[in-house]
Amino acid sequence: MSVPAFDPGVVDDVIKVWGAKSGSIIPILQGVQEKYNYLPPETFPCVAQKLGVSEARVYGVATFYENFSLQPKGKFIIKVCDGTACHVRKSLPNLEKFRKELGLSEKKITTDDLSFTVQTVACLGACSLAPAFMVQGGIPDKVYANVTPDQIPGVLDELRAKL
Ligand code: FES
């Protein structure tokens, strides 16, 4: 799996929805990120030019909000909840198991083949299902509940079958 080449047409399509105005920078960047799973570097000059704002301004918005990623992400994004409820019900062993199985760490969150990204989130809003994690990138997004580390390899096999 490799990162798709940047296509300025993607920016044009998103701008058609939100309008070529500086107040639309956030939804425009969200639209581009939905397409690529991250913001390719070419996004900044392209959006800046089309909206008539500085590249620094677009870059500033992208780096201010945590939801934007400037690094490529995997097809499947595994969000392991480490909110209070999940933490006390042992979410960290699940996180460690994912990282071990995929050769990832706190610093390296995406596999080299861009299949998986593993990250933590504060709360998925499913505390009664703790420990929980969510997988995005499949259709539809899926929340896994009450999972133990020995079930993680099976979850990964299930996802690999959909790559
Ligand atoms: S703390 Fe994990 S879902 Fe709320």
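The following paragraphs describe the predicted model of this protein, from its overall layout down to single residues.

The model is a prediction, in which local features need pLDDT of at least 70 and side-chain atom pairs count only at pLDDT 80 or more, while totals for chains, interfaces and linings use all residues. Residues are numbered from 1 along each chain as its sequence is written, and side-chain values use heavy atoms, with hydrogens and water left out.

The secondary structure comprises 7 helices and 4 strands, where helices (H or I, at least four residues) and strands (E, at least two) are DSSP runs numbered from the N terminus. Read from the N terminus, the elements follow the order α-α-α-α-β-α-α-β-β-β-α. The domain assignment gives domain 1 (8-64) and domain 2 (76-161); such bounds come from an automatic or database domain assignment. The centres of domain 1 and domain 2, taken over C-alpha atoms, are 29 Å apart. The C-alpha trace of the protein spans about 50 × 30 × 30 Å along its principal axes. Of the 163 residues, 42% are buried; buried means under 20% relative accessible area, exposed over 50%, and partly exposed in between (1.4 Å probe, protein chains only). Among contacts (heavy atoms within 4.5 Å) between residues at least 6 apart in sequence, 65% join residues at least 24 apart.

Leaving out residues up to four places away in sequence, valine 47 touches Val11, Ile28, Leu29 and Val58.

The 4 strands form an open sheet of mixed pairing in the order S2-S1-S3-S4; two strands pair if DSSP finds at least two bridges between them. Strand S2 (116-121) and strand S4 (142-144) stand at the edges with a single partner strand each, so one side of each has no neighbour in the sheet. On average, neighbouring strands of this sheet are turned by 20° against each other, direction ignored. In general, strands of a sheet pair through backbone hydrogen bonds, either parallel or antiparallel. Strand S1 (residues 76-81) runs parallel to S2 and is joined to S2 by 6 bridges. Phenylalanine 76 has phenylalanine 116 as its bridge partner in S2, and isoleucine 77 has threonine 117. Although S2 is an edge strand, 5 of its 6 residues are buried, so S2 is largely enclosed by the rest of the structure. Helix H7 (residues 152-160) lies across S1, S2, strand S3 (133-136) and S4, and runs at about 165° to S4. Axes are lines fitted to C-alpha atoms, for helices over the stretch in contact, and angles run from 0 to 180 degrees between N-to-C directions.

An unreviewed UniProt entry lists Cys81, Cys86, Cys123 and Cys127 under "binding site"; positions are given in the numbering used here, feature names are shortened, and annotations may be inferred rather than shown by experiment. These residues are spread over 47 residues of sequence but cluster in space, with a largest C-alpha distance of 9.2 Å. Cysteine 86 is found in helix H5 (residues 84-88) and is buried, at 3% relative accessibility. Residues up to four places away in sequence aside, cysteine 86 touches Cys81, Ser91, Ala130, Pro131 and Ala132. Cysteine 123, in the loop between S2 and S3, is partly exposed, with a relative accessible area of 46%.

Some backbone details complete the picture. Proline 131, also touched by cysteine 86, lies in the loop between S2 and S3, and a cis peptide bond with omega of about -5° joins alanine 130 to proline 131. Asparagine 37, in the loop between H2 and H3, has a positive phi of about 75° although it is not a glycine; asparagine 37 is partly exposed, at 27% relative accessibility. Lysine 90, in the loop between H5 and helix H6 (91-102), likewise has a positive phi, near 70°, and is exposed, with a relative accessible area of 56%.
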